[in-house]
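Have the coordinates open while reading.

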Amino acid sequence: MKQFILPDFDSANAEIILGNKETHYLKNVLRCKVEGTFTAADKSGNTWKAKILRFENRKSVIALCCKTEPDKEEKEAIPELVLYQCLLKGKKMDIVVRQATEAGISTIIPVESEFAIAKIEEKQRKEKTERWEKICKEALQQSGSYVLTNVKQDITFMQLDQFCKKTETSIFFHQNPIENKSLHQYLFSHKGKINIIIGPEGGFSNKEVKFMIESGFLPAYLGKNILRAETAAIYGIAAIKTILLEKEKWLPC
């Protein structure tokens with residue numbers, strides 16, 4: 001179900017005034033009318049039943065009626081998922097941001113890696129982050145995901161072990177079968193935060209693989225098919241989410 005992402009608002013006020021863009025989305029995408037209700041989500045992850053009170057010129061005034069709860073079973077089955085995506089060239093990174101948001105990733109962190117063709121110049125950093133945040137918002141409204149994805153500032157590859165704690169499960173998808181266990185075995189009894197590391201177009205370097213293994217990261221194999229980097233990201237996320245959603249139906253390893 002489509003939803004509306006609320007801008008920052010003062011909870012003390014009974015009414016929220018929306019600008020031109022937000023009003024356009026309500027009127028022309030959600031097809032809302034005065035006194036009509038719709039689903040809204042705030043930046044704290046709460047979802048609401050909201051109502052349009054009136055339209056004023058090109059703006060609108062809404063009220064939040066009551067909080068709603070997402071599917072409890074799915075929320076409990078899926079822990080926090082963080083995607084560490086090595087930088088991709090052109091619009092491939094945009095594709096990954098959109099698809100990962102639709103799939104319910106909580107945080108996306110771009111990573112500068114050895115074989116990455118794309119680089120983020122300092123003067124581009126703010127512009128790129130704002131672009132990805134906009135893509136996240138569009139994807140959240142389209143997909144209705146209860147997980148409000150956010151994009152963090154990029155990091156270097158060797159900073160991964162500072163962000164991925166040893167108490168968390170960190171899985172990297174590799175083009176070669178170097179794994180010791182299946183993805184199902186990694187996830188069957190896991191309940192905490194899961195970090196997913198995806199390489200760039202050229203894959204991980206041997207130095208990076210060695211670094212991840214020494215840091216306690218778990219290798220997973222995507223099969224013999226050669227996947228585009230943006231395909232590998234959504235493939236890996238989908239595999240992990242499917243196992244987590246269905247793990248109660250699997251036999252113990």
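Predicted model: local features only at pLDDT ≥ 70, side-chain atom pairs only at ≥ 80, totals over all residues.

1. The structure contains 11 salt bridges in total. Side chains of opposite charge can pair when their charged atoms come close.

2. Glu-35 pairs with Lys-51, with 3.6 Å between the closest N and O atoms. The two sit in distant parts of the chain, 16 residues apart: Glu-35 belongs to the loop between helix H1 (20-28) and strand S3 (37-41), and Lys-51 to strand S4 (residues 47-56). Glu-35 is partly exposed, at 49% relative accessibility. Lys-51 is also partly exposed, at 26%.

3. Lys-92 and Glu-201 form a salt bridge whose closest N and O atoms are 3.8 Å apart. Lys-92 is in helix H3 (residues 92-103) and Glu-201 in the loop between strand S11 (194-198) and helix H7 (206-214), so this pair ties together parts 109 residues apart in sequence. Glu-201, at 26%, is partly exposed.

4. A salt bridge also joins Glu-138 and Arg-98, at 3.3 Å from N to O. Here the link runs between helix H4 (residues 122-143), which holds Glu-138, and helix H3, which holds Arg-98; the two residues are 40 apart. Glu-138 is partly exposed at 36% relative accessibility, and Arg-98 is partly exposed at 32%.

5. Glu-112, Glu-122, Arg-125 and Asp-154 belong to one network, joined by salt bridges that share partners.

Methods
Residues numbered from 1 in each chain as written. Heavy atoms only, no water. Salt bridge = Lys/Arg side-chain N within 4 Å of Asp/Glu carboxyl O. Helix = DSSP H or I, 4+ residues; strand = E, 2+ residues; numbered from the N terminus. Buried < 20%, exposed > 50% of the residue type's maximum accessible area, 1.4 Å probe, protein only.
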